[in-house]
Amino acid sequence: MGKTTYRRPATDIRAAIAAERRELAAMLDGLSAEEWDAPTLCVGWRVREAAAHMTMGFRYSLSKMAVELFRSRGNLHRMTDRCAHKDAAAYSTRELAAFLSDNADHPWRPPVGGIEAALGHDVIHGLDITVALGLGRRVPEDRLRILLESVNARTLRFFGADLGGIELRADDLDWSFGSGTPVSGAAQDLLLLAYGRRLPPGHLRGELHDRFVAAQA
């Protein structure tokens, strides 16, 4: 399970991206000032840094992106972290939310991966926010399945996810990935593990589930 030869039509994925951005923008618009300053699952990022990063592709031209990458000595992760902090300070929370809703149909894609990666970018960072805040938002199943079907060894390497000796088993969808000791949970929580995240307590089950639980402050 977790693998398929079927590829979703690009029109369906673009519609999913637009819907996800609009829903996340509405969610952000409803946050309090304290929630905007709360930490997310992305280590070192508050909600405002995560939102700034999510909208970076709409606001940066290719030439500006190249300049920022050069300033970060070619390190993509260092560049995105630096820009997220800079932009989070430059824009209001209302502006950050509006960047998402106003660009729901924007064709931006990450530098690696296809249109599925663009959906993954929005879904994962949205979960970084909502799971950390305990908002209980459920990503619609059709969007989750697009991303679950694309999880592979390359995904794990890029995001630094160590799933060695672990089988992920969704308990709300017919999906599993890997082999070894089972770790179970909601499909969207397991997707976060494949993208290198650690989760708050109470989301996972299994003998080795503590391996993927974030340390509490």
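Which side chains meet in a salt bridge at 2.6 Å, N to O? Select glutamate 20 and arginine 143 and you have the pair. A salt bridge here is a side-chain nitrogen of Lys or Arg within 4 Å of a carboxyl oxygen of Asp or Glu. Before going on, note that this is a predicted model: local features need pLDDT of at least 70, side-chain atom pairs count only at pLDDT 80 or more, and totals for chains, interfaces and linings use all residues. Residues are numbered from 1 along each chain as its sequence is written, and side-chain values use heavy atoms, with hydrogens and water left out.

Stay on that first pair. Glutamate 20 sits in helix H1 and arginine 143 in helix H9, 123 residues apart (helices are DSSP runs of H or I, at least four residues, numbered from the N terminus). Both residues are buried; buried means under 20% relative accessible area, exposed over 50%, partly exposed in between, with a 1.4 Å probe and protein chains only.

Next stop: glutamate 149 and arginine 8, bridged at 3.0 Å between the closest N and O atoms. Glutamate 149 is in the loop between H9 and H10 and arginine 8 in the segment before H1, so the pair ties together parts 141 residues apart in sequence.

Finish on helix H8, residues 115-133. Just after H8, look for glycine 134, with a positive phi of about 70°.

Conventions. Helices (H or I, at least four residues) and strands (E, at least two) are DSSP runs, numbered from the N terminus. The expected span of a helix is 1.5 Å times one less than its number of residues.
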